[in-house]
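Here is a short note to read alongside the model. Please keep the sequence and the structure open while going through the points.

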Amino acid sequence: MDRYWEIFVNGYTGYARYMWHEITHPSWHNYFYWLIGVSLIFFVLEVVIPWRKNQPIPRKDFWLDAFYMFFNFFLFSLVIYNAASDVVVNLFNDAIKWLSGGFNLQAVNPLRTWPYWAVLLVGFVVRDFIQWWTHRLLHASEWLWQFHKVHHSVEQMGFAAHLRYHWMENVVYRTIEYIPLALLGIGLYDFFVIHIFALTWGHFNHANISVDGRVTGGIVGALIGIVLSQGLLDVQLFDGLTVAGQLGVWGVSVAAGVWLLGPFMKVLFNSPEMHIWHHSYDLPPDMPKGINFGLTLAIWDYLFGTAYVPWCGRDIRLGFPGVEQFPKDFVHQNLYGIWLQPKEEIRLTPNPLPLKASLKQPVHLPVDTTCEAPSDVQPQQTNPKEQSRSDVHQSVDSTI
Ligand SMILES: [Zn+2]
Ligand SMILES: [Zn+2]
């Protein structure tokens, strides 16, 4: 027991040194400055190409969310990951050795011999899949939903809302994702690329912007192009290229992203148009435990039947029934569900959303950046029970 305590304490003191080093030594491998840099990019994008043009800058609760960003991403999430993970890994490995009579799990990990890019890709997909289920669990369990309400208390959406969540979520996510990731042999420092990519995409999902899939496809293509042309992450496909050759590889990769990935980006990856519905105050009557649970990837929602985008959701009401009485400040939000008794969720308005079962499949996401709904369609006032299936289809078609 003393040994685990020692590992735990070392994890924290090591992290304190690491954190101070991060702040005082800006570099490309630095979470602190990446968080600031990525946030600034989305701040500028929200000012230059806002989706909801009438949303104030800074929007409601922007500074609260800015504080949450540093608390959750830098102060709390990584520290838990760092300290707790060392303990969990040691406990887990010791338990397996004890149970199996000496079997060393990490020594036989097949990923140890894989190239780094493949380890990262597997790590990214596995982690996103685990997080998708964890997010579903946060909605399905009454107990966990009380914590997750903090994230859903956002009433005006913007990139910084990404990291507004209860500290318990750090504990839940890290605990659940940790063992599978540790089994894959992926630790905090290996994890840098995945973590920054997921951070950026999470900011994007919450940002007050709307861009065509060809733009995001091109960006993904450009990132892959950098890795391919520069031979990063153990990629040895194009070794010994001239500068012109490197530029050529990069250009082809961008073009492939735009033309090949572009049309499918909104089904492969999460987006502001999809995630805004996750934050909808109203839920479709046949999906009372939530919709669009995706973090970075959207495919899990399409595969498991939880994708729901009935029309352009730019201006829908956000929150949940009862958000009106939900605590508004950091301290009370973080005591919620622990010391503060949850209030009963009282719906103040009728639920106007159509049944998921009545939606046309596959769901078409709006690809225009204006999101102007025809004036004759007022989805907020439609009553799905009075509409026939084809009426609902028509109103969906005409608003997209
Ligand atoms: Zn949620
Ligand atoms: Zn969200």
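1. A residue is buried if 20 or more other C-beta atoms lie within 10 Å of its own, exposed if 12 or fewer, and partly exposed in between, with C-beta atoms placed from the backbone. Of the 400 residues of the protein, 34% count as buried.

2. The model is predicted: local features need pLDDT of at least 70, side-chain atom pairs count only at pLDDT 80 or more, and totals for chains, interfaces and linings use all residues. Residues are numbered from 1 along each chain as its sequence is written, while chains are lettered from A and ligands numbered from 1 in the order in which they are written.

3. The protein has 14 helices and zero strands. Both kinds of element are DSSP runs numbered from the N terminus (helices: H or I, at least four residues; strands: E, at least two).

4. Helix 4 (residues 116–140) and helix 5 (residues 142–152) have axes that come within 6 Å and cross at roughly 105°. Axes are lines fitted to C-alpha atoms, for helices over the stretch in contact, and angles run from 0 to 180 degrees between N-to-C directions. The two helices are therefore roughly perpendicular (65 to 115 degrees; under 35 is roughly parallel, over 145 roughly antiparallel, the rest oblique).

5. Leu137, Leu138 and His139 of helix 4 meet Leu144, Trp145 and His148 of helix 5. Contact requires C-beta atoms, placed from the backbone, within 7 Å.

6. Buried residues of helix 4 include Val119, Trp132 and Leu138. The buried residues of this helix pack against helix 5, helix 6 (167–184), helix 7 (192–206) and helix 12 (299–303).

How values were computed. Two residues are in contact if their C-beta atoms, placed from the backbone, lie within 7 Å.
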